[in-house]
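Dear colleague,

Here is the structure I said I would pass on. Please look it over alongside the notes that come after it.

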Amino acid sequence: MLIQKYKDFLRLVIYQIYPRSFKDTNDDGIGDLPGIIEKLDYIKSLGANAIWLCPCYKSPNDDNGYDIADYRDIMDEFGTMDDMKRLIAEMHARDMKLIMDLVPNHTSTAHAWFQESRKGRDNPYSDFYYWFDEPPNDWESCFRGSAWAFDEMRGQYYLHSYAITQADLNWNNPAVVKVMQDVVDFWVDMGVDGFRVDVIDQISKDFEGGRNCFGPRLHEFIHALFGREKTAHLFTVGECWVDDIEEMRRHCAADRNELSTLFQFDHMECGRAEKFTPKKDSLRTVRDVLIRWQDKTAEHDLLHSLFSDNHDQPPLISRVADDGEKRYESATCLAAMFYLLKGVPFIYQGQEFGLTAAHYDSIDCFDDIESINIYAELCQSMSAVAALEKINFGSRDNARHPMAWNAGKGGGFSDAEPWISLHSRQSKINLENDMMSERSVFRFYQKLLKLRREQDAFLDGSFEVISGPEEECFIFTRTLGQEQWAVVCNFAQETVIELPFDGEVVLSNQGRIDVSGIYQEYECAVIRVH
Ligand code: GLC
Ligand code: CA
């Protein structure tokens with residue numbers, strides 16, 4: 001049985017915003033906070049009641065805001081603290097919750113803490129970061145190259161698990177724990193309702209075990225942030241690449257008072273051999289991962305998170321389904337597969353109108369630091385054309401193009417030249433086109449989220465799989481007391497599916513009436529079981 005707090009969290013439907021690319025209101029080509037305020041009614045009309053806002057703090061923007069220079073101020077390009085206060089007030093007036101992105105593992109080297117720390121060893125901030133005379137190991141940065149950089153001023157090396165301008169904080173220093181608690185409290189006092197916590201597993205390093213994550217004090221630190229009286233009510237989701245249920249339990253079992261839930265990324269590996277290399281997978285592989293985590297989290301009374309896309313991943317639809325002719329069917333089928341399971345749904349901006357991966361002919365169309373570094377590296381061992389194909393496949397920019405509100409020149413995002421190219425399919429795949437279409441992904445999402453809202457079986461109901469592992473479909477039920485619902489998702493072309501019960505089709509992406517019979521490829525149906 002989930003504890004009451006977690007049951008309440010199941011009512012959240014969280015819309016993820018990448019602020020730089022959402023909506024520009026002052027014609028500088030960069031999305032901003034007033035742009036988000038302008039679109040709150042839109043987000044609400046979709047059926048979301050919360051927003052996860054990617055970092056909007058003061059930052060030199062080397063990693064698009066994940067390099068924070070001041071945790072208590074807003075990035076100039078995004079607006080002011082007053083805009084932020086207005087955003088919170090406007091959201092609360094609409095009964096919406098704001099989940100901020102907290103980046104506790106590293107700061108920008110432009111942060112005052114780092115600027116002080118590099119001055120020398122007899123400074124109050126001297127131990128805020130990891131300083132060594134020589135690199136103590138051969139750790140690599142996630143963005144390529146050594147994770148150790150030499151700082152001329154201090155005459156020592158510091159650790160940066162990401163870009164060279166993102167220095168890892170030394171959490172073993174109690175003063176670091178304290179300042180980060182203060183940051184959390186500052187935002188709680190401002191009225192935010194929760195946090196998505198960036199690379200949480202890295203705040204304690206396992207120097208002995210040779211990895212910059214899952215160190216011995218990890219849980220002590222998470223508890224220090226979120227297990228306090230002031231923070232225990234918050235909704236918190238940690239970004240954490242766990243593949244093991246015990247590991248997840250240690251982070252978010254109710255009695256641990258750490259995080260509410262995690263993003264685990266098993267299903268994100270579907271459709272690729274590694275981040276930049278495709279692999280032929282079908283929705284079956286996604287289904288199997290989803291089933292595994294539904295079962296495991298239920299067994300351990302853990303709150304699960306449900307997502308297929310985010311700002312670090314090319315849309316899943318392009319890897320495991322048909323993002324061409326059957327884009328509508330694929331997008332809606334994926335929505336039914338993910339968001340009618342048990343857990344907290346996260347919808348990434350654009351997903352609600354069937355956003356796909358993009359494709360470009362030049363590396364100049366890319367902005368992401370990871371993509372650019374890896375492209376340079378790949379070019380040493382393959383042709384530029386082959387390297388670009390890989391970047392096109394796996395780049396994080398796939399999810400970072402300006403929101404395509406309409407087919408117009410700036411896509412309805414901005415009247416100015418946007419900071420990054422418009423999506424290569426923007427003139428076709430955009431919200432306005434989608435809404436005008438009879439087969440609207442947006443309207444399907446609306447109906448699906450309404451069902452979730454109105455039928456408690458989709459929240460706390462038990463989950464059971466009906467389809468067999470060899471079958472090219474995913475059929476499951478959600479049951480609460482006398483209420484039972486079934487969800488059918490078909491992956492193969494024209495298949496006859498005979499269901500062992502009768503019922504009424506309440507939602508379908510094909511205008512379906514009979515519960516059993518021929519299902520088309522990527523057809524899905526939500527059925528009230530009689
Ligand atoms: C997380 C973020 C990603 C960022 C990295 C470093 O993985 O989602 O966008 O680059 O952490 O902060
Ligand atoms: Ca702007």
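The notes below cover the metal site, the sheet and the domains.

Please keep in mind that this is a predicted model.

Calcium site. The calcium ion (ligand 2) has five residues listed as donors: Asp 24 (OD), Asn 26 (OD1), Asp 28 (OD), Ile 30 (O) and Asp 32 (OD), at 2.2 to 2.4 Å. Along the sequence, these donor residues follow the spacing D-x1-N-x1-D-x1-I-x1-D. Asn 26, at 47%, counts as partly exposed, because exposed would require over 50%.

Sheet. There is an open sheet of 8 strands, paired in parallel, in the order E13-E12-E11-E5-E2-E1-E17-E16. Its edges are strand E13 (261-263) and strand E16 (305-306); each has a single partner strand, so one side of each has no neighbour in the sheet. Within the sheet, strand E5 (residues 97-102) and strand E11 (residues 194-197) run parallel and are joined by 4 bridges. Leu 102 has Val 197 in E11 as its bridge partner. Helix H4 (residues 81-93) lies across E5 and strand E2 (50-53), and runs at about 140° to E5.

Domains. The domain assignment of the protein lists domain 1 (106-168) and domain 2 (462-529). Taken over C-alpha atoms, the centres of domain 1 and domain 2 are 54 Å apart.

Regards

Technical notes:
Residues numbered from 1 in each chain as written. Chains lettered and ligands numbered in written order. Predicted model: local features only at pLDDT ≥ 70, side-chain atom pairs only at ≥ 80, totals over all residues. Heavy atoms only, no water. Donors = N, O, S within 2.8 Å, 3.2 Å for Na, K, Ca; no water. Buried < 20%, exposed > 50% of the residue type's maximum accessible area, 1.4 Å probe, protein only. Domains from an automatic or database assignment. Pairing = 2+ DSSP bridges. Helix = DSSP H or I, 4+ residues; strand = E, 2+ residues; numbered from the N terminus. Contact = heavy atoms within 4.5 Å. Axes fitted to C-alpha atoms, helices over the stretch in contact; angles between N-to-C directions.
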